[in-house]
Amino acid sequence: MDGGPDYEPIERIAAPSVTEFERDYLRRGRPVVLTGALERWPARAWTVESIDRRFGDSRIAMLSTRNGVLDIDEDQTGVFRPLRLADHVAAMRAGSCDSYVSVPVERMPRSFRDELSPLPYCQGAWHLRSRFWLGAAGTVTPLHQDLPHNFSAQLFGRKRWLLYPPASPVYRNAPWSRAPNFSGVDPERPDLARFPRFSSAKPLGCVLMPGEVLFIPRFTWHHVRSLDDNSAINFWFGGVIVRALAQAAELFKRARSLYPGEWD
Ligand SMILES: O=C(O)CCC(=O)C(=O)O
């Protein structure tokens with residue numbers, strides 16, 4: 001497939017109506033890749049160069065990476081460090097990148113936000129949070145799960161996604177660890193002596209192409225590898241209960257000093 005673990009390909013369809021999406025995918029918790037959903041976004045024309053030229057002066061809290069992998073495990077929460085976007089791009093070009101842009105869209109300038117809009121499937125949701133992602137080829141987000149549903153809209157470059165259903169044997173980190181929604185397993189090189197039941201986990205997957213949108217149902221475990229220098233916008237969304245739980249989760253993270261630098 002793409003040199004990574006084998007997976008069953010995620011269904012790819014032309015963007016359906018909201019009713020069809022809710023009936024066939026949202027309610028069934030079924031992942032899907034949507035094509036043709038971003039045609040009206042001026043942001044689809046962005047490149048690393050145009051982002052650098054237009055927004056390079058923005059100072060952004062970025063996630064630290066080590067050898068391309070987000071620096072997060074049982075003992076280590078994600079760390080955000082402030083950096084100029086232009087300096088991140090320069091490091092991407094030089095092949096010496098040790099950061100990953102994952103910033104709430106509302107912290108970006110108005111002219112940035114005006115060039116994208118929530119997808120019709122999540123517009124008006126009680127809980128709606130959106131992030132801008134910009135990373136170098138080889139950047140990896142380790143296996144984890146999130147409470148809300150999610151859309152990831154790929155602007156340029158490609159990412160390889162591996163998805164495991166919520167009940168998969170992925171050995172979640174302990175609730176009192178520094179990364180309770182992450183797994184100890186690296187799906188690209190699983191240590192089956194330590195995590196034997198992972199051998200029965202069956203991933204779905206895709207290489208998400210520019211202009212495509214991946215729907216990741218809530219609690220689905222996901223592992224993401226950037227295959228190229230790339231950028232995406234994601235939307236986490238849910239109802240009123242998810243909104244209350246997400247607010248509680250943020251208070252918990254602040255109280256435990258998880259993700260330092262993110263809350264400044
Ligand atoms: O794109 C990535 O590297 C990670 C994205 C992610 O984990 C998410 O959208 O929930």
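A pocket, on a 1 Å grid over the protein atoms alone, is an open set of points where a 1.4 Å probe fits, with protein on both sides within 12 Å along at least five of seven lines. A molecule sits in a pocket if more than half of its atoms lie within 2 Å of its grid points. This is a predicted model, in which local features need pLDDT of at least 70, side-chain atom pairs count only at pLDDT 80 or more, and totals for chains, interfaces and linings use all residues. Residues are numbered from 1 along each chain as its sequence is written, and side-chain values use heavy atoms, with hydrogens and water left out.

Start with the ligand. The space it takes is the largest pocket.

For polar contacts (pairs of N or O atoms within 3.5 Å), a polar side-chain atom of K159 lies 2.7 Å from a ligand oxygen atom. The corresponding distance to an oxygen atom of the ligand is 3.0 Å for H144 and 3.1 Å for H222.

Finally, zoom out. The C-alpha atoms fill a box of roughly 50 × 40 × 40 Å, taken along the principal axes.

Notes: Polar contact = N/O pair within 3.5 Å; in protein donor to acceptor, adjacent residues only side chain to side chain. 1 Å grid on protein atoms, 1.4 Å probe; cavity = no way out; pocket = protein on both sides within 12 Å on 5 of 7 lines; lining within 4 Å.
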